[in-house]
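Have a look at the sequence and the model, and then read on.

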Amino acid sequence: MKTEEECGWIEKISTISKKEEFIRFLEDLSSDYQQHFEEWENTTISDYLRQMASWIEDDSTSPSSNIAWTEVDFQVLAKILYMGKLYE
């Protein structure tokens, strides 16, 4: 069963349809990490990225997935993640 907080994040994700909303989501996620560090399962960049990859592998093969994996622009996602390493 999902917690109230998880439901709030799922609702927030489901409303993202524009760049500005995605940027706000990233800012909110960063703030959540700073304010609730102890609630995060993956607290290092290495763990976070590794678990993102693991989740993608699992969800993309799940019959209950609601993501159209063939329509995801993986090059854009890769560039966003990579630029987070370099951008000042």
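Glu38 sits in the loop that joins α2 and α3. This is a predicted model, so please read each value below as computed from predicted coordinates. With a relative accessible area of 60%, Glu38 is exposed, because anything over 50% falls in that class.

Across the chain, 19 side chains are negative and 8 are positive. The centres of these two sets lie 8 Å apart.

## The overall layout

Let us step back to the chain as a whole. It has four helices and zero strands, so the order of elements from the N terminus reads α-α-α-α. Helix α1 covers residues 4–14, α2 covers 19–35, α3 covers residues 45–60, and α4 covers 74–86. Along its principal axes, the C-alpha trace spans about 35 × 35 × 25 Å.

Of the 88 residues in the chain, 9% are buried. The accessible surface comes to about 7900 Å², and carbon and sulfur atoms account for 56% of that surface.

Is Asp28 buried or exposed? Asp28, found in helix α2, has a relative accessible area of 16% and is therefore buried, since the cut-off for that class is under 20%. Setting aside neighbours within four places in sequence, Asp28 is in contact with Trp9 and Lys12.

Side chains of opposite charge can pair when their charged atoms come close. The contact with Lys12 is a case to look at: the side chains of Asp28 and Lys12 meet in a salt bridge, at 3.1 Å from N to O. This pair links distant parts of the chain, with Asp28 in helix α2 and Lys12 in helix α1, 16 residues apart.

Taken together, Lys12, Arg24, Glu27 and Asp28 are linked in a network of salt bridges.

## A salt bridge within α3

The structure holds four salt bridges, and one of them is formed by Asp47 and Arg50, whose closest N and O atoms are 3.1 Å apart. Both residues belong to helix α3, and because they are three residues apart there, about one helical turn separates them.

Both ends of this pair are partly exposed: Asp47 has 30% relative accessibility, while Arg50 has 48%.

## The nonpolar patch

Now turn the model to look for nonpolar surface. Phe22, Leu26, Phe74, Val76, Leu77 and Ile80 make a nonpolar surface patch of about 490 Å². Which helix gives the most to this patch? That is α4, with four residues. Both α2 and α4 supply at least two residues each.

Val76 is one of the patch residues, and its place is in helix α4. With a relative accessible area of 43%, Val76 is partly exposed, because this value falls between the 20% and 50% cut-offs.

One last stop is Lys19, which is found in helix α2. At 58% relative accessibility, Lys19 counts as exposed.

How far apart are the C-alpha atoms of Lys19 and Thr3? The two residues are 16 apart along the chain, and their C-alpha atoms are separated by 27 Å. For another pair 16 residues apart, recall Asp28 and Lys12, whose side chains meet in a salt bridge.

Key. Residues are numbered from 1 along each chain as its sequence is written. This is a predicted model: local features need pLDDT of at least 70, side-chain atom pairs count only at pLDDT 80 or more; totals for chains, interfaces and linings use all residues. Side-chain values use heavy atoms; hydrogens and water are left out. Buried means under 20% relative accessible area, exposed over 50%, partly exposed in between (1.4 Å probe, protein chains only). Accessible areas come from the Shrake-Rupley method with a 1.4 Å probe; for residues, only the protein chains shown count as cover. Lys and Arg count as positive and Asp and Glu as negative; His and the chain ends are not counted. The place of a charge is taken as NZ of Lys, CZ of Arg, CG of Asp or CD of Glu. Patches are made of residues with over 30% relative accessible area and no salt bridge: like charges are joined within 9 Å, nonpolar side chains (Val, Leu, Ile, Met, Phe, Trp, Tyr) within 5 Å. Contact means heavy atoms within 4.5 Å.
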